[in-house]
Amino acid sequence: MIWLIAGLVLFFSVHSARIFADSWRTRCIQVKGENVWKGIYSLLSIVGLLLIIYGYGLSRADPVFLWTPPTWTRHLASLLMLFSFFLLAAAYVPGNHIKARLGHPMYAGIKIWAFSHLITNGRLGDTLLFGCFLVWAIVGFSSARRRDRLAGTVYMSGTAKGTVITFVAGFIAYGVFASYLHRVLIGVPPF
């Protein structure tokens, strides 16, 4: 469990710099330059992610069960994940109504992803992994929206075309991941 915890601490320390130490982050970028900051950020993120993957794999090999989720939670999680993929697509497709409304659909998608996995997995490693992502996404979304209000940020209004592309891209990504990639990458068929 120590590798999973170490990975989570490293990954979320890096990804929370803007949330908890925005002025420090800004000074670092000014002093070292944006490319150096992005390089260090990326390197530490990759190391943290690799530790999370390794630690999570170990936690699955020697699981500590906290509870046994009912079967219906898998069906609910599958439905919730469709919405998560729509939100994740909205973060990248320009000119969609979802991004215009939420501002930060990636955080919202991660919240749904984490919650849906929390309700379907009763092991300690799962609770740590998905619980940390859920808390981080809640705090990150709130912080980003607060920064937007203070800065007077106005998001580009969405178009029907951008929104349709968002839903089509999200649906295709969901279909590929749910029918194939989840089993291959995670080792668990979602259905």
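**Notes on the predicted model**

1. The chain averages 94, and 100% of the residues score at least 70.

2. Some ground rules. This is a predicted model: local features need pLDDT of at least 70 and side-chain atom pairs count only at pLDDT 80 or more, while totals for chains, interfaces and linings use all residues. Residues are numbered from 1 along each chain as its sequence is written, and side-chain values use heavy atoms, with hydrogens and water left out.

3. Now look at helices α5 (residues 72-90) and α9 (residues 160-186): their axes come within 8 Å and cross at roughly 130 degrees. The two are therefore oblique to each other (angles under 35 degrees count as roughly parallel, over 145 as roughly antiparallel, 65 to 115 as roughly perpendicular and the rest as oblique).

4. Which residues in α5 and α9 meet? From α5 come S78, M81, L82, F85, F86, A89 and A90; from α9 come T166, F167, A169, G170, F171, A173, Y174 and F177. Contact means heavy atoms within 4.5 Å. The residues of this contact divide into twelve nonpolar, three polar and no charged.

5. One more spot to check is G152, in the loop between α8 (124-151) and α9. With 49% relative accessibility, G152 counts as partly exposed (buried is under 20% relative accessible area, exposed over 50%, partly exposed in between, with a 1.4 Å probe and protein chains only). G152 and R101 sit 51 residues apart in sequence and 15 Å apart in space, C-alpha to C-alpha.

Terms used
Axes are lines fitted to C-alpha atoms, for helices over the stretch in contact, and angles run from 0 to 180 degrees between N-to-C directions. Helices (H or I, at least four residues) and strands (E, at least two) are DSSP runs, numbered from the N terminus. Ala, Val, Leu, Ile, Met, Phe, Trp, Tyr, Cys and Pro count as nonpolar, Asp, Glu, Lys and Arg as charged, and the others, Gly among them, as polar. pLDDT is the predictor's confidence in each residue, from 0 to 100.
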